[in-house]
Structures are given as structure tokens and as C-alpha cells.
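Thank you for making time this morning; I would like to walk through one model with you.

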2 protein chains.
Amino acid sequence: MAVNSPIPVAADLKPVAGIELGHAEAGVRKANRKDLLVMKLASTATVAGVFTLNRFCAAPVQVSKAHLEAARISDESAGAIRALVINTGNANAGTGDAGLAAANATCEALAELMGCDAAQILPFSTGVILEPLPVDRITAGLPQALKNLQADNWFNAAEAIMTTDTQPKAASRVVTIAGKTVTLSGISKGAGMIKPNMATMLGFLAFDAKVAQPVLEHMVKQTADKSFNCITIDGDTSTNDSFMLIATGAGTLEVNSIDTPEYAELAAAVTALSQHLAQAIIRDGEGATKFITVTVEDGKDVEECRKIAYSIGHSPLVKTAFFASDPNLGRILAAIGYAGVNDLDVSKLDLYLDDVLVAKSGGRNPAYQEADGQRVMKQSEITVRVKLGRGNAAATIWTCDLSHEYVTINADYRS
Amino acid sequence: MAVNSPIPVAADLKPVAGIELGHAEAGVRKANRKDLLVMKLASTATVAGVFTLNRFCAAPVQVSKAHLEAARISDESAGAIRALVINTGNANAGTGDAGLAAANATCEALAELMGCDAAQILPFSTGVILEPLPVDRITAGLPQALKNLQADNWFNAAEAIMTTDTQPKAASRVVTIAGKTVTLSGISKGAGMIKPNMATMLGFLAFDAKVAQPVLEHMVKQTADKSFNCITIDGDTSTNDSFMLIATGAGTLEVNSIDTPEYAELAAAVTALSQHLAQAIIRDGEGATKFITVTVEDGKDVEECRKIAYSIGHSPLVKTAFFASDPNLGRILAAIGYAGVNDLDVSKLDLYLDDVLVAKSGGRNPAYQEADGQRVMKQSEITVRVKLGRGNAAATIWTCDLSHEYVTINADYRS
């Protein structure tokens, strides 16, 4: 059960003009489950993305990056990418040249069915690493996916990209910018191997404004840094993380510069929706029973604030204490202390658990009562706030606890 | 149950001339358990240590460092330190000025009983962080500890420093160097919050050679880097890590320079014993069911080899796969890929599980059979070997798996 994260209602997910989604049951790893998704784009669409920095980045990531780069430098980037194809059940990572050939074969098969070039397709995969991609099953499933193409298909699309997720992650927003209506819809998946570095294990967000390619590229990086790059479940950065922003261009709003109020408003809407999708991944993190916000304030720079926030968010001891609702909060101090900020003066540091001041000037707050810590630890949503007392920078990340269920899921994942 | 680590036999632990050990039940946290230890040193002893780099380093660590530094620069370092006093049940960390006062009060009480200066005592604590040290109970227990002082008391000493350890960790060696017999005995504790950075959560090793202070300091750093600094259970660097080397000077061997064959032989014996004690901590890691050696070879430098080894050793996904005996080995590639070695060319990388070549040139070895991986994964001791193909450096660390029991222990530790 995800933490305070109801399953999205299909009727609440809005079609975005200029994009159709078609799912299929291709039997990539298991039969009778949606495991293939095609997202078909209008010829007006621009696409930008960020990808994992894992050195073992998957074959489809390599191919998508190359195709996006070719689209980016082409004379007309709008329409250069015509479809995205996503399979679950196999990550096509650690698969060497055979993996690249399989990713390319997937693109070629879809391109032939759609009457476009293979370079106009972006492939994505998620699932088990180090196993050969059953490319024949995927290409055999493509006609079914194309037959299912509909604008109003975001719920099935969210289901089609799930792996150990317990529920689909999708959301929509409708905003009015400069008097023009923009509809945004997005889907994501996560569950485990989640500590995105540049992007997350598959997030796709589309809206129907028209956005120039360099502007969209700026937006996708900015958005990722405020959403998917702020979450961690287990500190494992996947080989397949990808976050794609799709501006279908089918609506009336046009954004051609980042120095406009329209850009700022659109970017704010995209960021809000991305944060929702990123947080949904944490709420449905493998075995999660609590949703934890870690905020580090008054740091010298953002980097040190993030270092400390991740150190807390990754500590198995902190995470098991949250699972147990045990205010064993010295573990948080230990995690701060080993975060690698070597000139940190702990005598200036305060630690809050929600509104409770636990540690003051580096030591236990004399007024702190264990009952107060206990009260907050029992909540399903908790904010850890660290004040470093050495500057004006701040950073926030979102994480979850470490439960028996995480071990069970990951000791059983393949079997 | 610790992994292939029988409980030491008390009769196998050798007295070391020049050191006596006395334990007590002081009731620091719980009644009726050995939780206080005094190690009394001959006036010929030199002492050197390494301590945690955690910025929240505990009050006793700060006091021990100061007392050691004073001893180091004194006219005659031999005999400058007369005793070590160790309590479990409370870490005296995150306790601010009150914590420092408590650590000093412990030293003063023991000094008065022994007729020496407080600065000649080194205090150590381990247990829960952020709770006031019950210093009165500790000082009240000191007379009992002094009454119990015996040279042949290493087994009780090992028991007296246990926290969540399931068994005491102790070992002895007798070596002959330059025709002279040297006896070495050591104890350690660990169990959780184990990723020592400079040292570990309490390791003490004594031998009866006479070693000059600067030589002993060189030896303790060299030894820590090859033993306690090569282990990790959960990546959590404790606030209290301390590893102390004690040369009692009561034997016949004298070592006054690191450029002698005697130094090399003694250092080798100390390192071997330290590795045994460090590995014993991993074998008895919280919830451990497997003992894993991670070796990274053919790297550009030791630092990158260690980065990759720790990335593998800390990955919850890799650790749960070991627990499940599931050869889901793509998780190891993912951990290598996100280790932060940004110019790593994965196409040159090979991965072995014991003798099985799993990945070759960055992709699945075509000859690899899952049955071979499965065979190795079922073992209680497994070596992961990564060949980077880019240099001559290498590093080895030791770690364990992540089991349900780890979560249980750490969700229950304080309650």
C-alpha cells in the first residue's frame, strides 16, 4: 500500500491534444500483463529528456540519447520525434552490443509500422538487468499497441510501465497561461533502485503547448532538479532512468524564450506535476510505510545541503527507526556527521522533527521530551529539518522508510 | 548466528604481559550484563589510535584524542597512558558540553582510584546516541572492574564491549620476530552503524613488544587501512569508532623504526589479527547470513577501486539479492555504474562471482549460465571480483547481506 497516495481515477486523467497512447500485453517477462506502451506524437511536438548518469546506462538510453541529439540538431526539431516505445520486464542493460541491436530493432519495427524513420523513435526499457531483451515478443506486440492508440488512455499507459510498483502513477493539470488553456498529463514508475541522478526510472510528462526545442531542454533540466532528482528510496541509481518532457504543440500557447512570464508559469505547472509524480514514486517505494521529507537549511551551498539530506535519506539505521516509529534520533545526527561535509561545526546545528526541536547547538535540546519525538515518529508523513547555521542555502529531498517488505520484495523480485 | 565465526574459546586467548583487564556490571542501560571494562597498562606501554571522522564524534572520542595527543607530545610517551575505560549502553554522542563533562568525570574517577592523572585515562563509549550518559552508574562500577583486573581476562573483556553483537570477538596470535616471542591479543565489537572511516566501533589490540610512539602511530594507521577501514555493514559511519593499538613494552622485542625487518613482521602480525577482528564484525553483522568479499582490480588508483567496492557493498539491492541467493547480478553492474567514477569505460569491465565470469567487456558473458551464478550465490562466503581494465590499482572490502533480521534488530534496538 502506498503512503497517502490513492490510486489515480482514470476519468481525472486528461487527454493532451497531440499525443495518443497505446498499450499491449507482449509477454516480455510474464504473460497477461500490460508491458508495452507506445506514445505517438503529433508532427508539431518537441521532446526533451534527461537520462541516468549510471555508467552502465542501458542500451535503450543510449539509443534514445542519440536519436534525441539528432532531432535536436536537425533543421526542424518539431516533429523529429514521432513516438516513444516503452517495455517493462527487461531493462536491456548490461547487454552489450546485442542489447544495442535489440533496441535498434525495436525502433525499426515501430518505424516501419508507422511509416517513419527508426531515428524518430525513442525506446525505453525497465526491468531486470543483464538479461537479453526478447525483442521478438516486443515487435510482435507493437501492432496491438498501435491498435489501442487513444488520446484518453493515460491510466492504461501508467499501468503498462509498472514493475514492482503497487499502483499506477499518473496525474493531470489544466492551467491557463496568457489567457490560453494548457493541459498537462504525466506518468511515472519507480518502486526500487531509486536514487535518480538527472532523472528517474521512467517519467513522461506531456502538455499541449508549443515550446521551442532549446526552451524545452532548459525546462526539463530545471524540472528534474526540483522533482525526480530530489527523491531516493534505496540510493541505487538505476541504469535506465529517463524523464521525458513532451510539448505536443497542438494547443494554442507558444513559448519561445525562457525569459517570458509564459515560460515561468508553464515551468511552474510542469514542476508541480513532476513533483507530484516523483513523490508518488516515494509513496509507493518498495515496502514504504512512511513518507519522509528531509530539508536542510542555512547551509553554505546547495551541494552540502543535498549531501546531508541524502546521507539521512540513505541511512539504513535512520530508515529502520522510521519504520519502527522509534525516536532513536541520534542516528540522524550520526548520518549528518558522516555526510562528508568536513568543516561542519556541529555546535551550530539544530535538528527538528516536524515542530519538535530535538537537538540544539549540536546536543540534545534540554527541553526535548521523548514523548514529543514519539508523537511525530508515529505519523505517516514526517519532516526532518536540519539547520546548519552557516549560510543561506537549502535543499529538500523526499524518501521513505526501510521495512521488512523492502527486503521481501527484493529478495523475491526475480523468482 | 554469525557467518562461519565460532565463538572464541576463552582458553585460546593469550594474556599479554603488561596489560590487565577488569569488567563490571554497572547497569548503564540494562541490569545484569557486563557493560564496563577497564584495561590497565604497564608503565612501559605506548598507545596509538585512530578515530571516527564523523563530525558528530562522541564526547569520549574527543577526550581520548586530546589525552592521546598530550601523551604523544610528552617527554616520555611510554607510560603516559595508564588505562582505557569502556562502557556500552550509551554512546555519549550528540550530548554537547554535558557529554564532555561526563567523559571527563569518568576519567577523573578512575584516575583517583588508580592514583594517576585524569589525562592518563582514555574513555570510550558505545550504545545509543543523543542520551545523557549515566556517569554515576559508571563511576560506581569502577571499583568492581578494578577488583576483576587480570591478565587472563580477554574473553570477559570481549563480552563487556558487546552491544547488538551476538557473540564476543577476540583473537590471539603468538609470533616470533628476530628470535623474540611476541604475544598479541585483541577484541572488537560491531554489529550495526558499521562503515568505519579511519577506525571501527571499538577495536583494541595489545601486544607485548616495546614500540616507539611514532612507530606505533604509523602502524595503527597502516593497520586500520588494511582491516577496519575495509569493512561495511550498512554504510553508517558511527560517532564512536575507535581502534587502539597498545604496545605494552613488557616483552623483549623492541621496535624503534619503521625501516626494519622487525617492524615489517610485527606490522604483518598486527594486520592479520586486525583483519580477523574486522572480519569477525562483518560475520556477526546485524542480520548477516553471508560473508561477502568485494575485490576491485585493474583500476587507475586505489580510491576509485574503493569507491566501486563500497558502491557494491552498500547497495541494498545487491545485499538483498545475496540474502535471497538470487543471482540477480545486473544489480552489481548498476552499483558499479553509479559509483561516481565518471570516466569509467564499461566495455572494458569484467565481473566474476568467485570463479564464474558473469559479465565480459561490459555485457553478459555469452558462456554464463544462471546455474553457475546460482551455485555461488548459495554459498555462505562469496567473492565478487571486478576487473576494470584501466590500471594496476586494487582494493578489497568485506561486507554482508541485508536480511529481514537487520530490519528487525534496528526497528527494535532501543525498545
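This is a predicted model: local features need pLDDT of at least 70, side-chain atom pairs count only at pLDDT 80 or more; totals for chains, interfaces and linings use all residues.

**Salt bridges, domains and the chain interface**

Let me begin with a pair of side chains in chain A, where A:K169 and A:D165 form a salt bridge whose closest N and O atoms are 2.8 Å apart. Both A:K169 and A:D165 are buried.

Over all chains, a search of the whole structure finds 32 salt bridges, and I will pick out a few of them.

In chain B, the side chains of B:E297 and B:R385 meet in a salt bridge, at 3.1 Å from N to O. This pair links distant parts of the chain, since B:E297 sits in strand β13 of chain B and B:R385 in strand β17 of chain B, 88 residues apart. Are these two residues buried or exposed? B:E297 counts as buried because its relative accessibility is 19%, where buried means under 20%, whereas B:R385, at 25%, counts as partly exposed.

A second pair in chain B is B:D355 with B:R375, whose closest N and O atoms are 3.9 Å apart. Here too the pair links distant parts of the chain, with B:D355 in the loop between β14 and β15 of chain B and B:R375 in helix α10 of chain B, 20 residues apart. B:D355 is exposed, at 57% relative accessibility, and B:R375 is partly exposed, with a relative accessible area of 43%. Returning to chain A, salt bridges that share partners join A:D165, A:K169, A:K189 and A:D284 into one network, so the pair I began with belongs to that network.

Now to the domains. Chain A is divided into domain 1, residues 10–283, and domain 2, residues 291–412, and the contact between them takes 16 residues from domain 1 of chain A and 14 residues from domain 2 of chain A. The C-alpha centres of these two domains of chain A lie 33 Å apart, and the domains bury about 1300 Å² between them, 60% of it on carbon and sulfur atoms.

How many salt bridges does the rule find across this domain interface in chain A? It finds one; A:R283 forms a salt bridge with A:E381, with the closest N and O atoms 2.5 Å apart. On the side of domain 1 of chain A that touches domain 2 of chain A, α5, β10 and α6 of chain A each supply at least two residues, and α6(A) gives the most, with four residues. By class, that side of domain 1 of chain A has four nonpolar, seven polar and five charged residues.

Finally, the interface between the chains.

Definitions and conventions:
Residues are numbered from 1 along each chain as its sequence is written. Chains are lettered from A and ligands numbered from 1 in the order in which they are written. Side-chain values use heavy atoms; hydrogens and water are left out. Domain bounds come from an automatic or database domain assignment. Contact means heavy atoms within 4.5 Å. Buried area is the accessible area (1.4 Å probe) that two parts lose on being put together, summed over both. A salt bridge is a side-chain nitrogen of Lys or Arg within 4 Å of a carboxyl oxygen of Asp or Glu. Ala, Val, Leu, Ile, Met, Phe, Trp, Tyr, Cys and Pro count as nonpolar, Asp, Glu, Lys and Arg as charged, and the others, Gly among them, as polar. Buried means under 20% relative accessible area, exposed over 50%, partly exposed in between (1.4 Å probe, protein chains only).
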